[in-house]
Amino acid sequence: TMELYQTAAGILARVAQRRGSAKNMCLDPRVQNKRAIFKLVHETLRHVRALDLALTLAGCDELLAGAGAELRGADGPNAELARGAARLFSYELCVGQGLHRR
């Protein structure tokens, strides 16, 4: 399950960097569990403005920038990865129904 969240957070980061569409990235042959990942990414993007506002009001901007720098010792793309993960988990906590396995 954690791999699904990591993949979805990476896709959210690449979408934020305008490196492609969420749909195309979710349909990449290397992506497993395409349906679950697409649903997570799509629903998170549907609520992205509210999630960003909530993260900003909670004072997470500086924390996320620091987490992005710690991921690989640099800023920029890693900060977007941290923000993507924060958006994803915020969505799951506030709106999501979690992942269901068959």
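I take buried to mean under 20% relative accessible area, exposed over 50%, and partly exposed in between (1.4 Å probe, protein chains only).

**Basis.** I worked from a predicted model, in which local features need pLDDT of at least 70 and side-chain atom pairs count only at pLDDT 80 or more, while totals for chains, interfaces and linings use all residues. Residues are numbered from 1 along each chain as its sequence is written, and side-chain values use heavy atoms, with hydrogens and water left out.

**Entry on salt bridges.** I counted a salt bridge where a side-chain nitrogen of Lys or Arg lies within 4 Å of a carboxyl oxygen of Asp or Glu. My search of the whole structure gave four salt bridges.

**Entry on Asp52.** I found Asp52 paired with Arg87 in a salt bridge, at 2.7 Å from N to O. Asp52 belongs to helix α4 and Arg87 to helix α6, so this pair ties together parts that are 35 residues apart in sequence. I took helices as DSSP runs (H or I, at least four residues), numbered from the N terminus. Both Asp52 and Arg87 are buried. Salt bridges with shared partners join Asp52, Arg83 and Arg87 into one network. For Arg83 and Asp52, I noted 3.5 Å between the closest N and O atoms.

**Entry on helix α3.** Which residue pairs with Glu43 in a salt bridge? I found Arg46, at 2.8 Å from N to O. Both residues lie in helix α3 (residues 34-46), three residues apart, about one turn of the helix. Glu43 counts as buried because its relative accessibility is 16%, whereas Arg46, at 55%, counts as exposed.

How values were computed:
Helices (H or I, at least four residues) and strands (E, at least two) are DSSP runs, numbered from the N terminus.
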